Amino acid sequence: MKKTSRLVVLPYALWILLFVLAPVAMIVYKSFFDIDGNLTLSNYQTYFNSPNMTYLRMSMNSILYAGIITLVTLLISYPTAFFLTQLKHKQLWLMLIILPTWVNLLLKAYAFIGIFGQHGSINQFLNFLGLGTQQILFTDFSFITVASYIEIPFMILPIFNALDDLDQNLIHASRDLGANSWQTFTKVIFPLSMNGVRSGVQAVFIPSLSLFMLTRLIGGNRVITLGTAIEQHFLTTQNWGMGSTIGVVLILAMLLTMWLTKERKK
């Protein structure tokens, strides 16, 4: 029986080894080499001591944008997930919300370019109202809007599951004890759904740290993140060591995020 269970675990162990641990190890290893292939710590020195604190400011920008995107998606997703749990055909409506995730990210980005562009539908409507053409594309607003739209399903799903699994007897008990709707929500529903909120925050904040395609197509390179820097070093400057160094910092930031949002045992 034990031998059979080990055989079942083997494919998963190989997957983690080959596609998780090995790539991370390669990134860490490569981060100690400069562009000429010499073993050095200069990449980390450059990251922390670059002129005008370029990389540190880029890191702060990444955290700021990821935080805003996470907050926007949470403010939209929690009420949406709560409303879905009250519907009769909630699984169907949930599937309709998740359905856009099946569409390629690049296609969705180009769709928003058409919406936000100079001759897009929003500017056409503004011209109809007599407000004139506005610069919507290549702004912080457009980047945060598109990124939040893309990430919303990943926030809704864990929150919906947490809310859907709530014991309704606890809610009825709070009402029987005299709690109003707001007190029931703040003292019972929201605390019991925190696991879903934590999972949603992790599912949105961590990928948002490393966005690079949207920063180019929607942000127009006005939004600079760690993901953009990694892309530049690997594809343009060919400085794989510096790109790997930023990748190591990004991995550490993701691990820190997971630690900060993990469930604390009282």
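The protein chain has 13 helices and 0 strands, where helices (H or I, at least four residues) and strands (E, at least two) are DSSP runs numbered from the N terminus. This is a predicted model, in which local features need pLDDT of at least 70, side-chain atom pairs count only at pLDDT 80 or more, and totals for chains, interfaces and linings use all residues. Residues are numbered from 1 along each chain as its sequence is written, and side-chain values use heavy atoms, with hydrogens and water left out.

**Exercise 1.** Work out whether Ser-50 is buried or exposed.

*Solution.* Start by finding Ser-50: look in the loop between α2 (42-49) and α3 (54-85). Next, grab the cut-offs: buried means under 20% relative accessible area, exposed over 50%, and partly exposed in between (1.4 Å probe, protein chains only). Ser-50 has 8% relative accessibility, so it counts as buried.

**Exercise 2.** Decide how α5 and α6 are oriented to each other.

*Solution.* First, get the geometry: helix α5 (residues 105-116) and helix α6 (residues 121-128) pack at an angle of about 15°, with axes 4 Å apart. Here axes are lines fitted to C-alpha atoms, for helices over the stretch in contact, and angles run from 0 to 180 degrees between N-to-C directions. Then check the scale: under 35 degrees is roughly parallel, over 145 roughly antiparallel, 65 to 115 roughly perpendicular, and the rest oblique. So α5 and α6 are roughly parallel.
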